[in-house]
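Hello,

Here is the structure I promised to pass on to you. Have a look at it, and then read on for what turned up.

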Amino acid sequence: MTLTSQPQAGTGVQPQPVPGSPGSGRFGAGAFPWVMSGAVALSVCGASLSLNGVLRGWAWFLPVLTTVVVVSLTMALLRTFRAQPLLVAAGGLASLALILTFTFFRRDSIAGFLPSQATFDALGRHLRRASETVLAESSPVAPNAGIVLVTCAALGLVVILVDALALPLGMPATSGLGLLAVLVVPAMIKPQSVGWLGFVTTAAGYLVILACSQWFAPDARTQADTARNPGQVRRAALTGSVALVVTLLLQLVVPGFDQGTFPQGSRLNPWGTATGLNPMISLGNSLRTPTGEGRITYATNSTTPLYLRSVTVDRFDGESWSPDDRNANRRAGTGRMDAGHEILAPEQTRQVTVVNTGDFTSPYLPVPYAPESVNGLTGRWSWDPATLSIKGTDTNSRDQQYLVQSSVPKLTTELLDASSAPVQGVPEEFIRPPSNVPDIVRTTAESVTADSRTAYAKAMAIQRFLRGPGFTYSLESPVQNGYDGNGLSVLADFLTQKSGYCIHFASAMAVMARLEGIPSRIAVGYAPGRQTGATVSVAGQGALPEYEVDARDAHAWPELYFQGLGWVPFEPTPSRGVVPAYAQDSSASGGTSTNEQNNDGLVPSNGATAPSSAPAPDPLPLPGSGTADAGKQLAPALYTAAGVLLLVLLAASPRLVRGGIRARRLRGTGTGRNRLAEPPLVWSELQDLATDYGVRPEPSETPRTFSARLRGSLAMRLRAESDTSGAPDTGSGPGHDAGTFNAQTVHAVTALTDAYERHQYGRPAGQDAARHGLPEDAAVEHIGQVRQGLRRNAGIVGRLRADWLPPSVLSRWGSVARWAFGVLGRAASRVGHAASALWRRTRNGLRRLRAG
């Protein structure tokens, strides 16, 4: 009997190499591992490009690039030496550990790259730093060593996962899952989503992975035998075009996606539409996508529209600033509130304001400053004596209607300029300058206020400097230059670029004022809004004009403290908000607005007393509003991606082992076309293949008996399929296709059985060349036909079990576990016997000593 079968006419079945064992290609078999590893590295590095904006700047990219390249090259080198798949994956993990040690723990390791106990101690510190960064900072986060370490480790694991899916598991198309795990993070956080550069580079690497897989090891289940088939090129172009069109259109109807041009406009927003100022979305995102959500209306007896303040930020240390709730000092109830300092202004204005928050949701309550009482609230509320910010204890601001009584001193430039008494009664946190202030911030503050004598003159000099022609209001510059957010490093970048939005201008003035000895803080809330044309009747006040604000009016501004006058707001942001009369230069008319038409086409107010048109302050998410702090948005994404990677690796481990065993058994010895596979190994592969699909060999069976039972099982399944189809075998149609396919499978089983029996029981090797082995191509072809026949006759559950939980592997693992437990049991028994004998000898010795 011929040991190599030829394809039968009309079947379309060709000998195919096992996935992961490259066939003939124009580059030769030796190029396959290197080309595939290069494609994996390209795709992962491309995906990492999208993390710019999640991580600030580009200083983190070189360690990432080094990690990805080292892991990819290591796995390619091991695969060149025909290492088993599990050994290749283990080598990738080892190289990842070594390169991370060399990059981050060189001083705490042996020889600069071997981990030691000091390395693990340093690792703990880095992980704690990374955890603090993820939970406390908003994007883009500072690329400290901890967060860069975690990023490099995660991307190194992605390289191993993508490589495993593309090669030993033989599923190159699903390798995109690892790349998707990386892209999910910027898609959920960055306002511009993945970005075109990261998307295009990732897609290019992914397509190269698919192309290499089809070029070097084409799938037997596809009709196109190589990537050079012109028909396949046309099909690929059509499929890609349809996928692109669907991607562009689907995002318009799927909830949770922001509309826009792919990929920038397709930012994933799993929390849906925000009704308040949602801190789960980064600051710049709310600025660049103002949707008018979270509408608030208020009516007031003030002659000018009011700023509504929700919370203040007063601690400027660190890379990210957030409110200090001072929970230990908060006071319950809002019926009576006191600012805690005396106001010596000769005249104060009492204001009555009715607020309806509607669907605005935040733990902080928006009120005019400075509130003396707030009535009509539902739920429990508390207030901070240091800032007068009001926060819900067990409730939030949604659907609240309340009346606020507030008072403000009537301020003039003369009154502020004369307020030169030493500051007293102000908490230290409002006075203390931040540590590690960048030099550019300190020198700028000194140069700007060099000619100013009083605190008011210094404040006006700083405001004049920031509102001057050298600064521009921009929503895009912070993102493009990597300083979108807050913090001292962001402030330094802002003063260098001289372009940003309200949080940058307010932060700059607040920090520089502290450096000049003026207590300061940042207020976050809403600038004056638009008149609705309606009125609200308030007892004792009559009909009051109604105003509305929403996310488009969110704003941040600095408040500076002047002894005897209290906290005084300023407006350093150019073309946004309303500059109060006391903060205007002499060249500007008193009380007028300096707003210009904003990017959204909203017309700002033309004067402080006639706010019929909308001022256009920039949308700003309130710190702490929504469901979590802004920095915590990154944690679920990272933990989810890590969990998915771990689950995929765990689920794929039996399949990896099975693929490695199959490749090793079918690997021939020799060179060129004379490579021969060992018949006993091929026979073992046939038995394991049958076991995976439910035909387990019996210990007492001879090879021929098992072969007959396997062929009979296939024939019975064929007859059952034919009977179910109800169609006679006429030589055409489904019955004929199934019969031809199973006939090939039966023929392959027979050929493998004959080769094994000839090897085991035939003539010596010198008299029969067939005993030397089975041609590798024939072995691969026969096993592939048997496998396809078994898969064709198995159900979906049977196929999934054979692929992901192969019984041949699990039974071996069970045997190993039983053997290990047996060894441990025997060892424990021997230890017990030895201990018992020792005890008997010791006891007898003691008895003899007592007897003597």
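What is the order of the strands in the open sheet of four strands, and is their pairing parallel or antiparallel? Before the answer, please keep in mind that this is a predicted model. The order is 2-11-14-15, and the pairing is antiparallel. The edges are taken by strand 2 (308-313) and strand 15 (566-569). Each of these two has a single partner strand, so one side of each is left without a neighbour in the sheet. On average, and with direction ignored, neighbouring strands of this sheet are turned by 40° against each other.

Val311 has Val524 in strand 11 as its bridge partner. Helix 15 packs on this sheet, where it touches strand 11 and strand 14 (554-562). The direction of helix 15 makes about 15° with that of strand 14.

Next, the aromatic rings. Searching the whole structure gives 17 aromatic pairs. One of them is Trp58 with Phe61: the ring centres are 6.0 Å apart and the planes stand at 85°, so this pair is edge-to-face. Are the two partners buried or exposed? Trp58 has 45% relative accessibility and therefore counts as partly exposed, whereas Phe61, at 18%, counts as buried.

Phe471 and Phe505 also make an edge-to-face pair, with 6.0 Å from centre to centre and 65° between the planes. This pair links distant parts of the chain, as its members are 34 residues apart. Phe471 counts as buried because its relative accessibility is 6%, and Phe505 is buried with a relative accessible area of 0%. Both are part of a cluster in which ring pairs link Phe465, Phe471, Phe494 and Phe505.

Which rings does its charged end sit over? One is the ring of Phe430, with the charged end 5.6 Å from its centre. Another is the ring of Trp567, where the charged end is 3.9 Å from the centre.

Enjoy exploring it!

Best wishes

Conventions
Residues numbered from 1 in each chain as written. Predicted model: local features only at pLDDT ≥ 70, side-chain atom pairs only at ≥ 80, totals over all residues. Heavy atoms only, no water. Phe/Tyr/Trp six-rings, centres within 6.5 Å; stacked < 30°, edge-to-face > 60°. Buried < 20%, exposed > 50% of the residue type's maximum accessible area, 1.4 Å probe, protein only. Lys NZ or Arg CZ within 6 Å of the ring centre and 35° of its normal. Pairing = 2+ DSSP bridges. Axes fitted to C-alpha atoms, helices over the stretch in contact; angles between N-to-C directions. Contact = heavy atoms within 4.5 Å.
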